[in-house]
Amino acid sequence: MTAASDLTVPGGTIADLPYIDLESEQFAATPYEILDETRNRAWAARTHMGIMILSHTAAQELYADTRLRQPGVETFKLQGIYSGVAYDWWANHMLHIEGAEHKRLRRLVSGAFSAKAVAGYLEQMNRQVDELSRSLPADEPFDFVEHYAHPLPRGVVGSLLGIPADEIHQFTQWAGDITLVGPARLKENLPLIENGITCMYNRVRELIEERLSSGELGEDLMSNLLRAQEGGERLSAEEVQSLVVLIFIGGLDTTSFQLSGMMTTFLDRPELWRRLATQPEAAHRVAEEMLRYKPAIIENYRFAPVDIDYRGFPIPAGTYISISTGAANWDPACAVDGHEIDIDRPPTAHITFGKGAHFCVGAALARAELEATLQTLPALMPTIRWEGSPRYRAPRSTTGPEYVPMSFSRETGGAQ
Amino acid sequence: MTLRIHVDRDLCCGSGRCWSAAPDFFDLDDEGIVIPLRDHAGDPERERLNRAAAECPTGTIQLEEQ
């Protein structure tokens, strides 16, 4: 942890902070660079939404600051929505609950996602990685997102939850609609979002009924939640459905953007990919550096429900706070020369998975997927090249490449 | 110099970073919650323990110089 004296918060107010135009073309093209450059000037920035925390020390402290809240249904209320299926799900799922209630829900699922449990899934995950990578077409252009970055995470989280393999496609479509719940697209997409939630709830309820009536519980998370209920845990049917929806969605875009973002980095630096082909044991370390360097969760939101004094700096009640993972991870306090990829870099305290009680419950699973990918793909496809220009989602919240046109050859093509 | 290791299981969110960094010092129960195995360490183990403490998302692990 950095010492308290590493961060000096100068006097002043939000008005004195440098402004970042999050909707500019320049920001869309080079978000991490702009965040890095602004952080060299100030610990935080001003945006059209509120304040954005750039310093690694401040980010860690504010993540753990229990005076702050998730924005939760504030976004809904701002758009005149005070009830309904989407409102209820958003208000009551685990990410938006605090204290003892949050802990109760979290502990019901944390076992299935613990680093030790994930170590137990590795064999199956490696099979999924192997199958997918062998299905990629050699010596012809293809989209890495469509053929690998999307299918791997949904297969992994789907089987962990206990969703039948032939239903994962349908669940993914519902999930795509539900994730329209972000602030920018909420109101106009409310019917789609609510339909997605209702359909997923209904199907999860049916899958639970099937388990209960057959009496056959497996090793999947849905079965474990039912066992917990039987064992006397206070866990309602709504809570089970809500957890399944949250976890399925949580394991999709985040991981697929991290995978596709990683691939664009390697396509720009194919010599690093070739090194991995000869050093699969470096996969763990390289995956970690990729998480630090290009976090798919580029920012995370908080909200000040009351006036907050942060190290003498006033944050008024009602302020939206973005905690910039992108800026904090490149902070020298986190990583020396953080703007550079260093695949030999020792572990850092990056905040890609957050901090505090809501630290990403799927972190070990995500890490395993990235590591398994980096252990397997480079040796199978040692020579990679671009076959066009990538297309990126806007650099807000969860972001990354949505289209990665590439090709590979199984030849090493020259000196190794 | 020895390091005294303090673990507050109540704060633990089950990330398992401590187990990854130092499985000889930290185990995980069925809920993924930390089980401390040792309450002190020597100099050669300092780096791994500092990493376990730094990467713990909730400050569950506190190290005290003795």
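**Entry 1: the interface of chain A and chain B.** I looked up the polar contacts across this interface and found 10 residue pairs, both residues at pLDDT 80 or more. A polar contact here is a pair of N or O atoms within 3.5 Å; within protein, one must be able to donate a hydrogen and the other to accept it, and residues adjacent in sequence count only if both atoms are side-chain atoms.

I then noted that helix 6 (99–113) and helix 7 (115–135) of chain A each supply at least two residues of the side that touches chain B. Helix 6 gives the most, with five residues. I took helices as DSSP runs (H or I, at least four residues), numbered from the N terminus.

**Basis.** This is a predicted model, in which local features need pLDDT of at least 70, side-chain atom pairs count only at pLDDT 80 or more, and totals for chains, interfaces and linings use all residues. Residues are numbered from 1 along each chain as its sequence is written, and side-chain values use heavy atoms, with hydrogens and water left out.

**Entry 2: salt bridges and extent.** I found three salt bridges across the interface of chain A and chain B, a salt bridge being a side-chain nitrogen of Lys or Arg within 4 Å of a carboxyl oxygen of Asp or Glu. I recorded one between the side chains of A:Lys116 and B:Asp27, at 2.6 Å, N to O. In contact (heavy atoms within 4.5 Å) are 19 residues of chain A and 22 residues of chain B.

**Entry 3: helix 9 of chain A.** I checked residues 151–161 and found nine of the 11 buried, that is, under 20% relative accessible area (1.4 Å probe, protein chains only). Among them are A:Pro151, A:Val156 and A:Leu161. Just after this helix, A:Gly162 takes a positive phi of about 100 degrees.

Notes. Chains lettered and ligands numbered in written order. Buried < 20%, exposed > 50% of the residue type's maximum accessible area, 1.4 Å probe, protein only.
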